[in-house]
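Trainee: Please take a close look at one part of this structure with me. I would like the charged pairs, taken slowly, with what surrounds them.

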Amino acid sequence: QNTPVVICPGFGNDQVDYYEPLKQPRETGLVAALERRGFNPDLIFTLPVQRSDWIRVAGGLLDWNFYTNNALPTGNGYGWYLKQFKQTVDQAYQANNEGNGRVLVIGHSAGGWLARAGMGDGLWCPDTNVRTSDRICGLVTVG
């Protein structure tokens, strides 16, 4: 299977949780499950998120737009996550030199709605007119 995969961790999760959940053997993790189903291990990426990164969400409280019901996903609360999302999807897309390279995104819990927010209005890169559908073949949400 030459479809690149990007895993988007849920709120409070660390990228390691998808490799060795709760310090259990690797074969119990989502990455190993994808590998058993034929996905290429070299094409499975997880957003480089650590548990401590989630404190940044509190930054949204410093955004006036939060209090006026005008907060955007790209604002102080989750902008850091969406930046990581776009970078990781681009990395996965470029890593696949065979096939069409479009990425399958798996969002766990809050990672699912953040991935959806990252997919935005369908325009992936306004500077080059690259559409989201040119980069992403699908979004699967779990949990």
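**Salt bridges and their surroundings**

Mentor: Start with Arg51, which is partly exposed at a relative accessible area of 43%. Here buried means under 20% relative accessible area, exposed means over 50%, and partly exposed lies in between (1.4 Å probe, protein chains only). Before going on, note that this is a predicted model: local features need pLDDT of at least 70, side-chain atom pairs count only at pLDDT 80 or more, and totals for chains, interfaces and linings use all residues. Residues are numbered from 1 along each chain as its sequence is written, and side-chain values use heavy atoms, with hydrogens and water left out.

Arg51 has a partner. It forms a salt bridge with Asp17, and the closest N and O atoms are 2.9 Å apart. Arg51 sits in the loop between strand S2 (44-46) and H2, and Asp17 in the loop between strand S1 (5-8) and helix H1 (30-36), so the pair ties together parts that are 34 residues apart in sequence. Helices (H or I, at least four residues) and strands (E, at least two) are DSSP runs, numbered from the N terminus. A salt bridge is a side-chain nitrogen of Lys or Arg within 4 Å of a carboxyl oxygen of Asp or Glu. Asp17 is buried, with a relative accessible area of 16%.

The whole structure holds four salt bridges. Another of them joins the side chains of Asp53 and Arg56, at 3.7 Å from N to O. Asp53 is buried at 13% relative accessibility. Arg56 is partly exposed, with a relative accessible area of 41%.

Now take Arg135 and Asp90. Their side chains meet in a salt bridge of 3.3 Å, N to O. This pair links distant parts of the chain: Arg135 is in helix H5 (residues 132-135) and Asp90 in helix H3 (residues 79-95), 45 residues apart. Arg135 is buried, with a relative accessible area of 15%. Asp90 counts as partly exposed at 24%.

Next, the strands. Two strands pair if DSSP finds at least two bridges between them. S1 and S3 run parallel and are joined by four bridges. S3 also runs parallel to strand S6 (residues 136-142), with six bridges between them. Val105 in S3 stands opposite Val6. In S6, the bridge partner of Val105 is Leu139. Strand S3 (residues 103-108) is mostly covered, with five of its six residues buried.
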